[in-house]
Amino acid sequence: MKYLLGYLKKYKKESILAPVFKMLEACFDLIVPLIVADIINKGIKNSDTGYIITRFFILLAMAVLGLLSSFVAQYFAAKASIGTATKLRHDMLEKIQSLSLTELDTIGNSTLITRMTSDINQVQNGLNMFLRLFMRSPFIVFGSMILAFTINAELAFIFVFAIIILFIIVFGIMKITAPMYKNVQQNLDNVTEVTDEDLNGVRVIRAFSREKSQIQKFNFVNKNLLNSQLKVGRAAAFMNPLTYVVINTAVILILWMGSDKINFGVLMPGNIIALINYISQILVELVKLANLITQLGRSAAGMNRIGQIFDMQSSMEYKSADEILNNNGNGNVLNNLNTAVEFNDVSFKYKKSGANSLSNISFSALKGQTVGIIGGTGSGKTTLVNLILRLYDATDGNILINRIPIKEIPKKDLQKTVSVVPQKPQLFKGTVKSNLLIGNKNAGEEQMWQALKAAEAEDFIIEKQMGLNLNIEQNGANLSGGQKQRLTIARALLADSEILILDDSLSALDFATDAAIRKNLANLQNKKTVFMISQRAGSIAYADLILVLDDGKIVGKGTHGELIKQCEIYREIYESQLKGGSINGKE
Amino acid sequence: MEKNKSNKKTAKKNNTASYKKTSKKYSKKAENIKSILDLIKPYGFLVWVSIFLAVINTAAALLIPIFTGKAIDYMIGKGNVDFYVVLSKIAIIAAIAVISAAAQYFMALCNNKITFCICRDLREKVSEKFQNLPVSYFDSHPSGDIISRMINDIDTFSDGLLMGFTQLFTGIITIISIIGIMFYLNAVIALAVLLLTPISFFATKFIAGKTQKYFMSQAMIRGDETALINELVAGKTVLKVFGAEDKSLKEFDKINDKLGKASLKAVFYSSLANPTTRLINNLVYAVIALIGAVFAVAGSITVGGLSIFLSYAGQYAKPFNEISGVVTEFQNAITCVQRVFYILNEKDQPKEEINKEYNFNSKNISGEVAFNNVNFGYSKDKPLIKDLNFKALAGQRIAVVGPTGCGKTTLINLLMRFYDVNSGNITVDGADINKISRKDLRSCYGMVLQDTWLCNGTIKENISYGVLNAADEEIIAAAKAAHAHSFIKRLPNGYETVITGNGESLSAGQRQLLCIARAMLKLPPMLILDEATSNIDTRTEMKIQDAFATMMKGRTSFIVAHRLSTVKEADVILVMKNGSVIEQGTHTELINKNGFYAKLYNSQFENQKI
């Protein structure tokens, strides 16, 4: 909530004027019954047509003024709430980008998306309604009551009781139905889940001939949904009739007690009409108020969730380039040293998990070397390269890039030095060109074609005849897995960094393409230090250094020839893939 | 030049095609409404009850001001109140209020029942339809979109329907009755009100039109922005690594500001509807006060009569506003339900023609599979598999290899009859698979796919997915054979552990082990393994090989694999490229032939020399 006030400060004028104009409108609404009472009590009684006509024009003027002030209020409210939401979205994205993966992992992608879309929308709606109604509704409810007191105190007590009872009914029913609505939502989620099964499991369902049982499963959750909807419907249906009875009871009491007052000459018929008028206004506003309060509850919850993300602090600090300059007196810190990457007794534990994902990793890779990393699923291969990219900070030990501790390297410099082809080929909506520009925003077209050629992506792009302007759909949906991998390789090559990481990036390619790309990499002009993760022993056998990982530890380190002799796990993997160990096992 | 011309031509063609589509849409509107009426039909009785209750309700709402007014007429002034009449009017008001409250309650129940039941029926129909649609439908339609139709569109439809039932009848009845009563009470005032009516009508219509336009553009931009957010969040690591955060933030700002502007318009215009109705309400109110008061001075209307008019004035404009709301909501509902009807109107998979002579049964087949002159393409104009012929003898092991996109998975689609061949035929034990029931055919296959789909349920339910009523021992035996037993045991509830969301709590490898166990329990005469071990690390894979070996003994097996080492031992290797089988034979034969397979096979050793 504290954040919201900061945003509203930027819309101080709007946030104050919106409710003020809304109140002005409410004032006009409140005065109308009094004027009508005057028309009846004075105009009609004294047969004063002139008086009646002037009152008529006052009524007209108030209607128009009411409309204008309402327009002004709506405009200011919309401006403040939408401006806030727009700024919130921007700040949120900026915040997300500033957080390190350690924090982002704990939040999760789907949550981040919900925060940025539906939660912020909730805040916008809530704020808008709040600015429009938080003055108006209570003002009319209590204003009517107070004006009733000015007409007749005794009759006004009917208002007091009616308002209290209406409050109880409206909020009571809301309170009772809230958990029921949650239940409906839960049932709807179940329907979604089974629908998802129907769609994504279609092959398995049919292969196992489970069509009928799937229909039964659906009908079951669907029936539960219906029952929960009917249940909440039965409870919510009490709202209108009950409030209706209360209001009419109030009308009856006004008539009955009012007739007595008229008989005594304390009141006139016009006053009774005014009172009845007020009581029906109260009902309308009370229902609005109830809705406002539910909406505000939702918005506040949304704002709190948003606030939690703003509260987070990045656990990773980068040194600025100036600091480094002062320390070394030399801006070109990342060049001309012989070791490219060095790990000294590095251990790493993900925030959420109990055990280390990497333990006591030590190795050093020289410039221009190719380092192969191999090991089973979950052995820590990707975690290891993520540390080189400083997506996470090591829990223990230290990592040196070009003999400089990784934590001392400014962000931009590190980004320039290391690039990666991630396991999942992530592309962005746009064109081939816009995707390549992510790798290097200054790249020219010629450079791009070179990179595409080295990544063996040239052919399929030429085939599609759109050149660099070939459209890329969201997540690269219009490309095959292999095509996506090749584009991400080109993107990384374009960054032209000294260190290149290939995280199982050739998996969707056939052996011939895989081999061709590796050949191209080896022939690049500026020889890179390459880290290559692979499931295929054959793909890394040629590496200068192979790291064999098992359960987060290095169990083998050396060249192919050395490891075949010394490392049992490596031998096992290699033989299973290249020698007899085929799908029929040890036959 | 030439190319340009032909491009234009196709563009033109597309234009006329889309034009035809829209004109078709209009004629479809009537069809849609008929379909909606068909959905309502079973609840016809309740609809009549609801209308009846709406009439009672409206009558009550209109009668109360009349009796209030009459009561006021008997309170003329000091010492001039007829308590007896006032009391009798009050009694009538009380009675009407109670009746109306009851009517309101039952009407709400009726409407709930009608709408929610209709939605239940509709969802049921769609769910049944899913099981009858050809697999191609699911392959060509993103599941997110279909789910959104099943959930959101039907929900919007139900909201629209409910609003229609609750407000449309009441609104129309109210307007007509009010005008009627007003004419009955005083024709001049009634005429004045009637003349003001069109203003209200046009004003709300104007605003609704504007609002809808802006809401549409807001929704479109919001959709774009959400897509962008999705992408930026999913790709955050890439953006971080390449330092492209600023660039993406700038791009986001462009669309974000656009959304801000569009939202401002949409929200502002939509918020005008209420004040405008209020203005017209107030105008009518003022006019009635003026004319009524003048008439009252002349004595042709009582003060009570005036109060009736005034309270009607308050009620009169509301239904107009509601009806225009209902109309937009209803249009919205129709668009949404139309999207659901599109699914229901899709063509089912072709009816089965069963040749009874085959006496096909998973227990008595040997597993000889033949492709005879098979042609196939996912779309008719793009043939993928051309004139494919091969024969797998009973118990043979057939490996399918080739570069990505060469049609390996297509072969499986055809074997399981997820897709039907365009021409030629596939036979199992000499029986044309198009002439036996899909169920019988599929019961002959055990299938493990690369895509490890699990259903929401316990581990046990998942393993016994193909064999209802499997004994616990059988299930555990299958799990042990698939090397899944040890990790299942370590789960909090063992075999009773419930997995949801396609087993997101399990690793990809564990999910695949469960899929293997699922196939092992079924133990059919034929097997399909499509990259069955792609998510399992090499060491575990080696352990499973034994189990696979036992499983495959005596069973015709089709194996799709990337790793050439896993296919070396097959009896027949089919080498596919661009949809056709270009080589077929044993490993040794193919290596000796020194063709495409040999090239593929050797390429994996090539780089060792670099």
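Me: Domain bounds come from an automatic or database domain assignment. With that settled, what separates the centres of domain 1 of chain A and domain 2 of chain A?

Reply: Chain A splits into domain 1 (153–266) and domain 2 (323–578). Their centres, taken over C-alpha atoms, are 57 Å apart. A quick word on the ground rules: this is a predicted model, where local features need pLDDT of at least 70 and side-chain atom pairs count only at pLDDT 80 or more, while totals for chains, interfaces and linings use all residues. Residues are numbered from 1 along each chain as its sequence is written, and chains are lettered from A and ligands numbered from 1 in the order in which they are written.

Me: What makes up the contact of chain A with chain B?

Reply: Two residues are in contact if their C-beta atoms, placed from the backbone, lie within 7 Å. The contact takes 132 residues from chain A and 131 from chain B. Helix H3 (residues 49–98) of chain A gives the largest share of chain A's side, 24 residues. That side divides into 65 nonpolar, 47 polar and 20 charged residues. Here Ala, Val, Leu, Ile, Met, Phe, Trp, Tyr, Cys and Pro are nonpolar, Asp, Glu, Lys and Arg are charged, and the others, Gly among them, are polar.

Me: Why is Asp544(A) called partly exposed?

Reply: A residue is buried if 20 or more other C-beta atoms, placed from the backbone, lie within 10 Å of its own, exposed if 12 or fewer, and partly exposed in between. Asp544(A) has 16 of them within 10 Å, so partly exposed it is. Asp544(A) sits in the loop between helix H20 (537–540) and strand E11 (545–550) of chain A. Leaving aside neighbours within four places in sequence, Asp544(A) is in contact with Gln369(A), Thr370(A) and Val371(A).

Me: Why is strand E5 (residues 397–401) of chain B described as largely enclosed?

Reply: 5 of the 5 residues of E5(B) are buried, so the rest of the structure largely encloses the strand. Arg397(B), Ala399(B) and Val401(B) point one way, Ile398(B) and Val400(B) the other.

Me: What makes E5(B) and strand E12 (residues 556–560) of chain B a pair?

Reply: Two strands pair if DSSP finds at least two bridges between them. E5(B) and E12(B) have 4 bridges, in the parallel sense, so they pass the test of at least two. Ala399(B) stands opposite Ile559(B) in E12(B). E5(B) also pairs over 4 bridges with strand E13 (residues 572–577) of chain B, again parallel, and there Val401(B) has Val575(B) as bridge partner.

Me: Why are E6 and strand E12 (553–558) of chain A called edge strands?

Reply: The open sheet in question has 6 strands in the order E6-E9-E10-E3-E11-E12 (chain A), with mixed pairing. E6 and E12 of chain A each pair on one side only. E6(A) is joined by 4 bridges to strand E9 (residues 499–503) of chain A, running parallel, while E11(A) and E12(A) pair in the antiparallel sense over 5 bridges.

Me: What makes helix H11 (residues 408–415) of chain B largely enclosed, and where does H11(B) lie?

Reply: 6 of the 8 residues of H11(B) are buried, so the helix is largely enclosed by the rest of the structure. Among them are Leu411(B), Ile412(B) and Leu414(B). H11(B) lies across E3, E4 and strand E6 (423–428) of chain B, at about 110° to E3(B). For that angle, axes are lines fitted to C-alpha atoms, for helices over the stretch in contact, and angles run from 0 to 180 degrees between N-to-C directions. Just after H11(B), Arg417(B) takes a positive phi of about 60°.

Technical notes:
Helix = DSSP H or I, 4+ residues; strand = E, 2+ residues; numbered from the N terminus.
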